[in-house]
Amino acid sequence: MIFVTLGSQLPFDRLLRAVDNSAHLIPGTEIIVQTERGNYHPVHVTPVPFITPALFRKYMQDAELVISHAGIGTILAAGEMQKKLILFPRFGSLNETRNDHQIATCKRMAEKYALNVAYNEEELAKLINQYTANELLPMRFVPEYAGKSLIHSLENYMAVKK
């Protein structure tokens with residue numbers, strides 16, 4: 001099963017359309033999409049408009065591959081569960097979000113944790129083909145706690161603010 005998360009605040013038709021159009025690359029595989037009220041109505045995937053936190057976790061655990069907008073919660077859950085993950089960030093320039101913070105997140109996470117990132121439908125299809133060929137690697141471990149240098153910086157910052 002492939003689990004696709006589009007986020008719970010805004011619709012993300014560009015990713016939903018890209019996944020729906022790429023479904024033929026993985027015949028016989030169930031594709032569950034957590035989706036919000038968008039204008040695009042998929043044909044080849046199963047949209048689920050509301051998912052409780054418990055059901056979200058179950059879908060994450062059951063998934064062989066997770067495809068997601070660049071939501072930090074999904075990134076951390078996929079890392080914790082050692083899932084193969086493809087990120088597809090929202091673009092501020094396309095009015096999918098208020099700014100390009102998801103693009104910045106993807107670039108940093110790709111550098112640091114070898115995340116698989118697609119910025120358009122063609123790149124998503126290429127990564128799905130890598131997945132079907134068993135060539136898509138799970139992201140590198142994301143630590144559960146902040147590193148010592150970050151903690152030290154925060155402690156110094158808080159000491160100055162007292």
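**Close-up 1. Helix α2 passes helix α3 in a right-handed crossing.** Helices are DSSP runs of H or I with at least four residues, numbered from the N terminus. This is a predicted model, in which local features need pLDDT of at least 70 and side-chain atom pairs count only at pLDDT 80 or more, whereas totals for chains, interfaces and linings use all residues. Residues are numbered from 1 along each chain as its sequence is written, and side-chain values use heavy atoms, with hydrogens and water left out. The axes of α2 and α3 come within 10 Å and cross at roughly 50°; axes are lines fitted to C-alpha atoms, for helices over the stretch in contact, with angles running from 0 to 180 degrees between N-to-C directions. The two helices are therefore oblique to each other, the label left over once angles under 35 degrees are called roughly parallel, over 145 roughly antiparallel and 65 to 115 roughly perpendicular.

**Close-up 2. Here's who meets whom between α2 and α3.** From α2 come Phe56, Arg57 and Met60, and from α3 come Thr74, Ala77, Ala78 and Glu80. Contact means heavy atoms within 4.5 Å. Sort the residues by type and you get four nonpolar, one polar and two charged. For that sorting, Ala, Val, Leu, Ile, Met, Phe, Trp, Tyr, Cys and Pro count as nonpolar, Asp, Glu, Lys and Arg as charged, and the others, Gly among them, as polar.

**Close-up 3. Glu80 and Arg57 form a salt bridge.** The closest N and O atoms of this pair are 2.6 Å apart; a salt bridge is a side-chain nitrogen of Lys or Arg within 4 Å of a carboxyl oxygen of Asp or Glu. The pair links distant parts of the chain, with Glu80 in α3 (residues 72-80) and Arg57 in α2 (residues 53-62), 23 residues apart. Glu80 is exposed, at 53% relative accessible area, and Arg57 is partly exposed, at 35%. Those words go by relative accessible area: buried is under 20%, exposed is over 50%, and partly exposed is in between (1.4 Å probe, protein chains only).

Close-up 4. In one, the side chains of Lys58 and Asp62 meet at 2.5 Å, N to O. Lys58 and Asp62 sit four residues apart in α2, so about one helical turn separates them. Lys58 is partly exposed at 44%, and Asp62 is partly exposed at 41%. In the other, Glu111 meets Arg108 at 3.5 Å, N to O. Both of these residues lie in α4, three residues apart, about one turn of the helix. Glu111 is exposed at 59%, whereas Arg108 is partly exposed at 47%.

**Close-up 5. Thr105 is tucked into the buried class.** Thr105 belongs to helix α4 (residues 101-113), and its relative accessible area is 19%. Leaving aside neighbours within four places in sequence, Thr105 is in contact with Ala70, Ile72 and Ile75.

**Close-up 6. Helices α1 and α5 make a right-handed crossing.** The axes of α1 (residues 13-22) and α5 (residues 121-132) come within 10 Å and cross at roughly 45°. The contact is made by Leu15, Ala18, Val19, Asn21 and Ser22 of α1 with Glu121, Leu124, Ala125 and Ile128 of α5. By type, that's six nonpolar, two polar and one charged.

Notes:
A crossing is left-handed if the near helix is turned anticlockwise from the far one by less than a right angle, and right-handed if clockwise.
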